[in-house]
Structure formats: structure tokens, C-alpha cells
Amino acid sequence: MEFQHVSPKSLVCWRVRLYLIAAVVAVAVSLFFTPFTVLWYWMTGVWVAAFLGMYFVYYPIKYRRLQFRVQNGGVQLDGGVIYKYNQYMKIENIQYVNFVCTPLQRILKLKSAAIMAAGGYLYLPCLSAEQAQTLMRALHEGGYEV
């Protein structure tokens with residue numbers, strides 16, 4: 001199996017979550033700082049800059065670098081934005097796989113997979129339903145019992 005990116009809908013999911021967080025921060029800044037003062041402008045500038053950086057830089061890089069595959073008797077996950085990481089877990093060490101859907105992921109028909117083993121775990125965010133089925137099928141064929 002070749003490396004696969006998570007679903008393109010993951011960008012939508014991450015960005016909607018970012019909108020919700022930005023709305024909460026905007027309300028908090030409005031409540032705790034007197035409007036149109038130097039401190040209010042400074043705090044508003046900080047959260048707007050953070051929002052734009054996450055929206056246009058961090059999440060697109062995260063999407064491009066986050067990829068996974070099931071091959072050679074294991075699951076491999078590559079990713080990272082600021083630093084790159086590679087994780088590998090042998091199929092025979094897997095104890096259980098948990099698929100989780102947040103309400104937003106349910107609307108977008110996405111699933112996140114948490115693959116657990118005695119020594120650690122792998123977390124695959126925002127898989128499409130087809131990718132989740134393919135992952136389970138590959139794990140089952142590799143020796144993991146469903």
C-alpha cells in the first residue's frame with residue numbers, strides 16, 4: 001500500500017474548528033479589554049495573526065505532510081509541521097483499534113483512528129469512511145483480529 005494523505009475534508013474540519021475557537025477568543029477579548037484601547041488593538045491583532053497563520057500556513061502544511069500506510073506487517077505514519085516525525089507500529093503488537101467521530105466529523109463523514117499497542121499508540125485524524133474501511137481490511141489481512 002502506498003502512502004495516503006488523510007481526507008481533503010480534513011482541512012475543512014480543522015478550519016471550522018479554528019473558526020469556533022476564534023469566535024470564543026474574539027468574545028473573550030471584547031469582554032476582558034476595553035474596546036478601542038491600545039491593549040484591545042494589540043490583543044485583537046495577536047489573535048487575528050494567530051488565526052491567519054493557522055488557516056493559511058499551519059493547516060495546509062499539516063495536510064501535505066500527514067500521510068500513512070499499512071505495509072510490511074505494520075502501520076507507518078509520517079507527519080509534522082515544525083518538526084517531522086515518523087511512527088511505525090507492527091501489526092502483531094496492535095491490541096485494539098478505536099474509530100472516533102466528533103459531531104463535526106460526523107457531518108463531514110470523517111473518522112479518526114486510534115491504534116493502540118502495549119508500548120504506545122498511533123493517531124490518524126480525519127480519515128474518510130473509505131480509508132477507514134481500507135485500514136481495517138489491511139490490518140485484518142495482516143493478522144490483526146477484528
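Contact here means heavy atoms within 4.5 Å. Helices (H or I, at least four residues) and strands (E, at least two) are DSSP runs, numbered from the N terminus. The model is a predicted one, in which local features need pLDDT of at least 70 and side-chain atom pairs count only at pLDDT 80 or more, while totals for chains, interfaces and linings use all residues. Residues are numbered from 1 along each chain as its sequence is written, and side-chain values use heavy atoms, with hydrogens and water left out.

**View 1. Packing of helix H1 (residues 9–32) against helix H2 (residues 38–65).** The two axes lie 11 Å apart, at an angle of about 170°. Axes are lines fitted to C-alpha atoms, for helices over the stretch in contact, and angles run from 0 to 180 degrees between N-to-C directions. H1 is therefore roughly antiparallel to H2, a term for angles over 145 degrees. On the H1 side, the residues in contact include Trp14, Leu18, Tyr19, Ala22 and Val29; among their counterparts in H2 are Trp40, Met43, Trp47, Phe51 and Tyr55. By class, the contact of H1 with H2 holds 17 nonpolar, three polar and three charged residues. Nonpolar covers Ala, Val, Leu, Ile, Met, Phe, Trp, Tyr, Cys and Pro; charged covers Asp, Glu, Lys and Arg; the others, Gly among them, are polar.

**View 2. An aromatic cluster formed by Tyr19, Phe51, Tyr55 and Phe56.** Rings of Phe, Tyr and Trp (its six-membered ring) pair if their centres lie within 6.5 Å; planes under 30 degrees apart count as stacked, over 60 as edge-to-face and the rest as tilted. A search of the whole structure finds nine aromatic pairs. The ring centres of Tyr19 and Tyr55 are 5.9 Å apart and the planes stand at 50°, so this pair is tilted. Because Tyr19 lies in helix H1 and Tyr55 in helix H2, the pair ties together parts that are 36 residues apart in sequence. Tyr55 and Phe56 are edge-to-face, because their planes are at 70°, with centres 4.8 Å apart. Relative accessibility is 42% for Tyr19, which is partly exposed, 17% for Tyr55, which is buried, and 56% for Phe56, which is exposed. Buried means under 20% relative accessible area, exposed over 50%, and partly exposed in between (1.4 Å probe, protein chains only).

**View 3. An open sheet of three strands in the order E5-E6-E7, with antiparallel pairing.** Strand E5 (94–100) and E7 are the edge strands, each pairing on one side only. Neighbouring strands are turned by 15° against each other on average, direction ignored. Two strands pair if DSSP finds at least two bridges between them; E6 and E7 pair over seven bridges. Ala113 has Leu124 in E7 as its bridge partner. H1 lies across E6 and E7, running at about 100° to E7, whereas helix H4 (residues 129–141) lies across E5, E6 and E7 and runs at about 140° to E7.

**View 4. Positive phi values at Lys109 and Cys126.** Most residues other than glycine have a negative phi. Lys109, in the loop between helix H3 (103–108) and strand E6 (110–117), has a phi of about 60°. Its relative accessibility of 62% makes Lys109 exposed. Cys126 has a phi near 55° and lies in strand E7 (residues 120–128). Cys126 is buried, with a relative accessible area of 2%.

How values were computed:
Angles under 35 degrees count as roughly parallel, over 145 as roughly antiparallel, 65 to 115 as roughly perpendicular and the rest as oblique.
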